[in-house]
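Please work through the exercises below with the structure in view. Each task is followed by a solution in steps.

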Amino acid sequence: MSEKILVVAETKDGELRNVSFEAIAAARKINAGGEIVGVICAAEDANDLAQELIYYGADRVVTVQHDNLKSYTSEGFGQAILKVVDEESPDGIIMGHTSIGKDLSPKLASKLNTGLVSDAVDVELVGDQVVFTRPIYSGKAFEKKIITSGISFVTIRPNNISTLERDETRTGDVASIDVDVKDLRTVIKEVVRKTSEGVDLSEAKVVIAGGRGVKSADGFKPLYELAEVLGGAVGASRGACDADYCDYSLQIGQTGKVVTPDLYIAVGISGAIQHLAGMSNSKVIVAINKDADSNIFNVADYGIVGDLFEVIPMLIEEFKKVAVS
Amino acid sequence: MNIYVLLKKTFDTEEKIVVTNGQIEDDAAEFIINPYDEYAVEEAIKQRDEHGGEVTVVTIGDEDSEKQLRTALAMGADKAVLINIEDDLEDGDQYSTSKILEAFFDDKEADLILAGNVAIDEASGQVGPRLAELLEIPYVTTITSLKIDGDTAEVEKDVEGDVEVIEVSLPLLVTCQQGLNEPRYPSLPGIMKAKKKPLDELELDDLDIDEDDVEAKTRTIEIFLPKEKAAGRVLEGDVQDQVKELVSLLKNEAKVL
């Protein structure tokens, strides 16, 4: 049983990421009515963000403010969160399985000498036991795991656990603690933005993915347009990345990202087993491919056999109509 | 430079997963070097060729793991170490692995340790950072570029598609991301040479480890396959009509719009 749970919240471009609200919901599922304490590390005042965590279900929030927490480094954030853990002695810690979560959680687990379950898609309380469900072999199978020693420490995969209802009438204490963040051996010199503004692939509710059938980097343009209409993100198959149609950071599959959006539209993707591993747990899958025998149609809920360069522009127009109505 | 690579064997990506009696069947499976670890091996070789020194590939596994170690030697690594836990440790987890590696690295004075950013089977991505923490050295995960100059390195890190340029001191542990390099295939002379390169085999006793010290802190209680998806619907008719029908289905039947 995990009565007091720390939820390590995460911001991007100054805003809380949705997975942080999902982490609060996950905490609520396993803490048997105990306390949920949000944690925010930042270089500036984070009171508004703290309030938002409370609206989404945190009981109170601890903020750590220091100049060295302006950008994430494992050392800086590690020192800050270890201080909070030291003061709060939680029974559990939950964070998103994001770039930061993946980087930071093993360090904290090692320091705290505890087990860690990474990338859970569900958490539940069975009797007194917290049980975590997570994909293995990139979603070709799943395992249920328990932590046998130490606190319940888990990172959760974005888009799998529903957030609680936002409730502006909720109130809670927001406290700030001082940590001297120092002796950093890693220094971020520069951040080169390669992604477009907006939706991150792993958190996107809609993903438009292109494969070799898209034929060129130019061929991806209509996919970006469709993604914009639907508020989604663009991904790609390994074939498309290998052919240099797009950056490897967009790759979905057994090597690359695993995504579970509400809607996945596979465009010109044949559906190799390695690609399916990265997307087959999406809620609704649409396949558009001119080869009716493509394997992708075996996992798609809806399929259109046709020329993507004809179908996508029509889809864009049709989705625009729905958006307006 | 004293360079080490952490390597794990995994199922070939082509493999289907079969679960029998709650366990994943691995008898008939083809094993490969975890694809992300291949980037680590390649990078280690490149760094050695540029800066001098030696590349040692380390794996924790069973006697069958020799095959993947020989492949890494054939690619160009100098030495390999197999920490064979087959008889000692039944159900280790990432904690166990990192503690065993900590003991191994105790007297090694590594300048650079490379690993894959994640293994495509268990996919926890924990062992690298856990080990760095135990060795009290800095780490950078998901790197796509590594330039070493004396005691410092300039590293590019993939952060969900953006790139962070990071300056960090050595000794250092990095985990490798796709895009870092293009792993070479072993050449025939490489394969011949690899047969004669040193491959040490250790057991937990050799590292002064008691099984209890590395006992897992997590346990798998169930393994299952995802529900088979029912075959979907391929729409028919005029393309324009199909598009209209699709949007209507997504809105009214699937309710995802």
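The exercises treat the chain as a whole and then one residue.

This is a predicted model, in which local features need pLDDT of at least 70, side-chain atom pairs count only at pLDDT 80 or more, and totals for chains, interfaces and linings use all residues. Residues are numbered from 1 along each chain as its sequence is written, chains are lettered from A in the order in which they are written, and side-chain values use heavy atoms, with hydrogens and water left out.

**Exercise 1.** Determine whether the radius of gyration of chain A agrees with that of a compact globule.

*Solution.* Step one: the radius is taken over C-alpha atoms, and the globule rule is 2.2 Å times the number of residues to the power 0.38. Step two: for 325 residues the rule gives a value near 20 Å. Step three: chain A has 21 Å, so the two agree. The C-alpha trace spans about 60 × 45 × 45 Å along its principal axes.

**Exercise 2.** State how many helices and strands chain A has.

*Solution.* Helices (H or I, at least four residues) and strands (E, at least two) are DSSP runs, numbered from the N terminus. Chain A has 8 helices and 18 strands.

**Exercise 3.** Describe the setting of A:Ser105.

*Solution.* Step one: A:Ser105 lies in helix α4, residues 99-112. Step two: buried means under 20% relative accessible area (1.4 Å probe, protein chains only). A:Ser105 is buried because its relative accessibility is 2%; of the 325 residues of chain A, 60% count as buried. Step three: with contact meaning heavy atoms within 4.5 Å, A:Ser105 touches A:Met95, A:Leu116, A:Phe153 and A:Thr155, residues up to four places away in sequence not being counted.

Note on methods. Buried means under 20% relative accessible area, exposed over 50%, partly exposed in between (1.4 Å probe, protein chains only).
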